[in-house]
Amino acid sequence: MTTLEVRTRAVRLGPRSLAALCLVSAVGVAGFGWPLFADPTSQVAAHAQDAPWLFAGLLVLLVAVVTATISESGLGPKAVAMLGVLAATGAALRPIGAGTAGIEPMFFLMVLSGRVLGPGFGFVLGSVTMFSSALLTGGVGPWLPFQMLAMGWFTMGAGLLPGPDRMRGRGELALLAAYGFCAAFAYGTVMNLAGWPFMGALASNVAFDPHADVTANLARFLAYCVATSLGWDLGRAVVTVVLTLTLGAPLLKALRRATRRAAFETPVTFAPR
């Protein structure tokens, strides 16, 4: 392992970027989780059908702000080129298994990319990839801002795993596979939270009830997850694990080689003629 490999990062998060990430994450937690924590007598519960749209609009602005902040703090032309290649690849992979039992190969690419390129780059990559894939597949709707934020968290989390400069081999692949398995379920769960309030009275026994307490709504939400997405999330998790264990080693090596050669922290200069 060389010194350059240890020190090279696509994006180094500064105080402003960290503050923006914390802000958007806090609002995102509120946007996803408000149905479980809103008081039945509060004004939020009274506007249960409007709240998802409000949070969706707010998240669009916040994800844009945090992406711009991270870009300003260190996303140079080399990192932008790497971002474009990986986002385009991820967007192209997503339609392969669309609508087929959770076969979504883009998730394993996000895990490996976040691991090598770090949490800051990972958040931007996850958000941009989900946005690009939505345009490619026609999946644009009020759920897209939630998908962008959730995928940003998913990819950023891989960059926060321990031992990025020391752990290699089977141990690292096992760590990434375990993270991918758990994060695939976590992604599905938080996306269920985003769509659950839209159901209204369409499914009375599992839909969000703004007049029920937290315990009753939690039971409804768990039943909703089991009934609608458990099989899909399991498929996503298994595919992520299998691809990580089978293709992870060469892809990690390729990403690390590209990162070293890109030398992200070396400024681009042009020699005078």
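What is the handedness of the crossing of H6 and H8? The points below answer this question and describe the surrounding structure, which is a predicted model.

1. **Overall make-up.** The chain contains eleven helices and zero strands. Read from the N terminus, its elements run α-α-α-α-α-α-α-α-α-α-α. Of the 273 residues in the chain, 49% are buried. Considering contacts between residues at least 6 apart in sequence, 82% join residues at least 24 apart.

2. **Helices H6 and H8.** The crossing of H6 and H8 is right-handed, which settles the opening question. Helix H8 covers residues 144-159, and its axis lies 6 Å from that of H6, at an angle of about 45°.

3. **Helices H5 and H6.** Helix H5 spans residues 77-93 and helix H6 spans residues 106-117. Their axes come within 9 Å and cross at roughly 160°. Since angles over 145 degrees count as roughly antiparallel, this description applies to H5 and H6. The crossing in which H5 passes H6 is left-handed. The contact involves Met-82, Leu-86, Thr-89, Gly-90 and Leu-93 from H5, together with Met-106, Leu-109, Met-110, Ser-113 and Leu-117 from H6.

4. **Helices H5 and H7.** Helix H7 is formed by residues 119-137, and it packs with H5 at an angle of about 45°, the two axes being 8 Å apart. H5 and H7 are therefore oblique to each other. H5 passes H7 in a crossing that is right-handed. H5 contributes Ala-79, Met-82, Leu-83, Leu-86, Ala-87, Gly-90, Ala-91 and Ala-92 to this contact. H7 contributes Phe-121, Val-124, Leu-125, Val-128, Thr-129, Ser-132, Ser-133 and Leu-136. Among the H5 residues, Met-82, Leu-86 and Gly-90 take part in the contact with H7 and also in the contact with H6.

5. **Threonine 259.** Is Thr-259 buried or exposed? The relative accessible area of Thr-259 is 6%. Because buried means under 20% relative accessible area, Thr-259 counts as buried. This residue belongs to helix H11, which covers residues 230-262. Its side chain reaches the backbone oxygen of Leu-255 at 2.7 Å.

6. **Leucine 218.** Leu-218 is located in helix H10, made up of residues 214-228. Its relative accessibility is 38%. This value lies between the 20% limit for buried and the 50% limit for exposed, and Leu-218 therefore counts as partly exposed. Leu-218 and Leu-36 are 182 residues apart in sequence, yet the distance from C-alpha to C-alpha is 6.6 Å.

7. **Cysteines.** How many disulfides are counted? The count comes to zero. A disulfide is a covalent bond that joins the sulfur atoms of two cysteines. Two cysteines may be described by their accessibility. Cys-182 has a relative accessibility of 52% and counts as exposed, because the cut-off for exposed is over 50%. Cys-225, by contrast, has a relative accessibility of 12% and counts as buried.

How values were computed:
Residues numbered from 1 in each chain as written. Predicted model: local features only at pLDDT ≥ 70, side-chain atom pairs only at ≥ 80, totals over all residues. Heavy atoms only, no water. Helix = DSSP H or I, 4+ residues; strand = E, 2+ residues; numbered from the N terminus. Buried < 20%, exposed > 50% of the residue type's maximum accessible area, 1.4 Å probe, protein only. Polar contact = N/O pair within 3.5 Å; in protein donor to acceptor, adjacent residues only side chain to side chain. Disulfide = S-S within 2.5 Å. Axes fitted to C-alpha atoms, helices over the stretch in contact; angles between N-to-C directions. Parallel < 35°, antiparallel > 145°, perpendicular 65-115°, else oblique. Left-handed = near helix turned anticlockwise from the far one by under 90°. Contact = heavy atoms within 4.5 Å.
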